[in-house]
Amino acid sequence: MHNINKVKMLEFPQRGDERGHLVIVEGGIDIPFNIARAFYIYGSDADVVRGQHANRNSEFVLINVAGKSKVKVKDGEGNEAIFCLNRPHTGVYLPTMVWKDMYDFSEDSVLLCLSSEHYDPNEYIRSYEEFVEEIKKNNQDG
Ligand code: TYD
């Protein structure tokens, strides 16, 4: 199965009450991996495109805990899909080896990114051409 087919929207448990909203994301339960790292992106202008990389080892879940953004994923073989993140209790799961662009950030967007791995710049592929080559090679190697 191509990894792009593993990309999916996730819905998290909501335990809000009259005091306000509460959304729960537990590693290994609501998130399909153990969480090693969290970072968040905010203050990006509407015309900014972030991401623009693939990861050899890291899986991610992206959640717009405030505001909205979009995530485009590509498999390096001509297939792509777009996911709209606009609710604090939904996220998108991104497996390894998919190209991702994050864009169309609303002014109030806070994009929480949960990752299965600690940061390692060497597992980032930041050239689309290199990504396509690695996908080709992985397909050949089976
Ligand atoms: P970058 O990966 O370009 O951000 P995005 O995916 O949102 O477009 O990261 C920007 C800078 O921050 C880059 O110099 C690497 C650094 N960085 C870390 O040191 N640790 C991290 O966990 C992340 C995500 C980035």
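**Salt bridges and the ligand shell**

Analyst: In this predicted model, Lys-72 and Glu-80 form a salt bridge through their side chains, 3.7 Å from N to O. Glu-80 is partly exposed, at 47% relative accessibility.

User: How many salt bridges does the structure hold?

Analyst: There are 7. Another one pairs Arg-56 with Glu-130, at 3.5 Å from N to O. That pair links distant parts of the chain: Arg-56 sits in the loop between β3 and β4 (60-66), Glu-130 in helix α1 (residues 128-141), and they are 74 residues apart.

User: Which residues does the network of shared partners join?

Analyst: Arg-56, Glu-130 and Glu-134. Arg-56 is partly exposed at 27% relative accessibility, and Glu-130 is partly exposed too, at 39%.

User: And Arg-19, buried or exposed?

Analyst: Exposed, with a relative accessible area of 73%. Its salt-bridge partner is Asp-17, 2.7 Å away from N to O, and Asp-17 is partly exposed at 32%.

User: OK, switching to the ligand. Which residues are around it?

Analyst: Arg-37, Phe-39, Ile-41, Arg-50, Gly-51, His-53, Tyr-119, Tyr-124 and Arg-126. By class that's 4 nonpolar, 2 polar and 3 charged.

User: What do the arginines do there?

Analyst: Each of these has a polar side-chain atom by a ligand oxygen: Arg-37 at 2.5 Å, Arg-50 at 2.9 Å and Arg-126 at 2.8 Å.

User: How much of the ligand does the protein bury?

Analyst: 60% of the 530 Å² that the ligand exposes when taken alone. The elements giving two or more residues to the shell are β2 (37-42) and β3 (50-55).

Conventions:
Residues numbered from 1 in each chain as written. Predicted model: local features only at pLDDT ≥ 70, side-chain atom pairs only at ≥ 80, totals over all residues. Heavy atoms only, no water. Near = heavy atom within 4 Å. Polar contact = N/O pair within 3.5 Å; in protein donor to acceptor, adjacent residues only side chain to side chain. Areas by Shrake-Rupley, 256 points an atom, 1.4 Å probe, with all protein chains shown as cover. Helix = DSSP H or I, 4+ residues; strand = E, 2+ residues; numbered from the N terminus. Nonpolar A, V, L, I, M, F, W, Y, C, P; charged D, E, K, R; others polar. Salt bridge = Lys/Arg side-chain N within 4 Å of Asp/Glu carboxyl O. Buried < 20%, exposed > 50% of the residue type's maximum accessible area, 1.4 Å probe, protein only.
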